[in-house]
Amino acid sequence: MPFKTEEREFTCSVCGRTSSHTIITHQDKPSGAPDLDLRPAGDHRSMMKYWAMECPGCGYCCTTIDMPFCSDASFFSTIEYKTCGDILTADETAARLIKRALVFIEEHSYKDAVRSYLAAAWSLDDDGNEFAAKQCRMTAVSLMEDHPAAFRGDNNFKLIKADMLRRSGEFDRVVREFQDTAYPSLLMTAINFFEVHLASAEDKGIHTIDEIPGISAAEK
Ligand SMILES: [Zn+2]
């Protein structure tokens, strides 16, 4: 196992109920190259199911349920929350990650929300649910466009957006929005170029950073 887990008790910051959850206590350095959207390689993917926990009492989903939730707890009873914002999935990991994204939106933590939607999309990719994975990616893209101030100047998110659009089959948008984008680093410029190249070829598959021509192992 490339990581170690442990059972611990957590007390929900919303309803006060204590429940047992598995958390990651140690992880080895990944051996393979990550995907273009930074999805972990190989065995590290199985860590995803521990990235969000759900309170069995009130339904609060977060990285850990003892993290404070500042908005109104009635949010967890809404149809929107209970139905994962209308993204249909039987994958419990994805559902928890989507609910965590909705919690982050409620808390105005838009970068965390995008990361959580992306992680949910990875889980849905593995589950073979292409439709729901696309919903997660496109919801994350909309979130970035609706809250530009939260993402301004963050090139990592810019590249993640390019990959989310390409994986969703929005090839024209990738080419139009990213073909002339400049970055401060050679690696980012190379990733951007590769995304535009893949989009031009209408390739919406998963690709890893080490597929990029001219990028040496040291730069990865
Ligand atoms: Zn609770």
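This is a predicted model: local features need pLDDT of at least 70, side-chain atom pairs count only at pLDDT 80 or more; totals for chains, interfaces and linings use all residues.
## Helix H3

How enclosed is H3 by the rest of the structure? Of its 18 residues, 14 are buried, so the helix is largely enclosed. Just after H3 comes Gly 128, with a positive phi of about 75 degrees.

## The overall fold

Stepping back, the protein has eight helices and four strands.

The C-alpha trace spans about 55 × 40 × 30 Å along its principal axes. For 220 residues, a compact globule would have a radius of gyration near 17 Å, and the value of 18 Å for this protein agrees with that. Buried residues account for 34% of the 220. If you take the contacts between residues at least 6 apart in sequence, 56% of them join residues at least 24 apart.

The domain assignment divides the protein into domain 1 (1-152) and domain 2 (154-220). Their C-alpha centres lie 24 Å apart. Across the boundary, 15 residues of domain 1 are in contact with 17 residues of domain 2.

Which elements give two or more residues to the side of domain 1 that touches domain 2? They are H3 and helix H4 (130-146). H4 provides the largest share of that side, with six residues. Sorted by class, the domain 1 side has 10 nonpolar and five charged residues, and no polar ones.

## The largest nonpolar core

In soluble globular proteins, nonpolar side chains tend to be buried together. In this model the largest nonpolar core holds 50 residues. Those with the most contacts inside the core are Ile 98, Ala 101, Tyr 117, Leu 118, Ala 120 and Cys 136. At least two core residues come from each of strand S4 (61-62), H2, H3, H4, helix H6 (155-167) and H8. H3 supplies the largest share, 10 residues, and the core draws at least three residues from each of domain 1 and domain 2.

Apart from its neighbours within four places in sequence, Leu 118 is in contact with Asp 37, Ala 140, Ile 160 and Met 164.

## Helix H4

H4 has 17 residues and reaches 24 Å from its first C-alpha to its last, close to the 24 Å expected at 1.5 Å a residue. Which residues of H4 are buried? They are Ala 132, Ala 133, Gln 135, Cys 136, Arg 137, Thr 139, Ala 140, Val 141 and Met 144.

An α-helix has 3.6 residues a turn, so residues three or four places apart point the same way. The buried residues of H4 pack against H2, H3, helix H5 (148-151) and H6.

Lys 99 lies in helix H2. Is Lys 99 buried or exposed? With 24 other C-beta atoms within 10 Å, Lys 99 is buried, since 20 or more are needed for that description.

Leaving out residues up to four places away in sequence, Lys 99 touches Cys 61, Tyr 81 and Cys 84. Lys 99 and Ser 77 are 22 residues apart along the chain, and their C-alpha atoms are separated by 12 Å.

## Positive phi outside glycine

His 108, which is not a glycine, has a positive phi of about 60 degrees. You will find His 108 in the loop between helix H2 (92-106) and H3. His 108 has 12 C-beta neighbours inside 10 Å, so it counts as exposed.

The other is Glu 202, also not a glycine, where phi is positive and near 55 degrees. Glu 202 sits in the segment after helix H8 (186-200). With 10 other C-beta atoms within 10 Å, Glu 202 is exposed.

Technical notes:
Residues are numbered from 1 along each chain as its sequence is written. Domain bounds come from an automatic or database domain assignment. Two residues are in contact if their C-beta atoms, placed from the backbone, lie within 7 Å. Ala, Val, Leu, Ile, Met, Phe, Trp, Tyr, Cys and Pro count as nonpolar, Asp, Glu, Lys and Arg as charged, and the others, Gly among them, as polar. A nonpolar core is a set of buried Ala, Val, Leu, Ile, Met, Phe, Trp, Tyr and Cys residues joined through C-beta atoms within 7 Å. The expected span of a helix is 1.5 Å times one less than its number of residues. The radius of gyration is taken over C-alpha atoms; the globule rule is 2.2 Å times the number of residues to the power 0.38.
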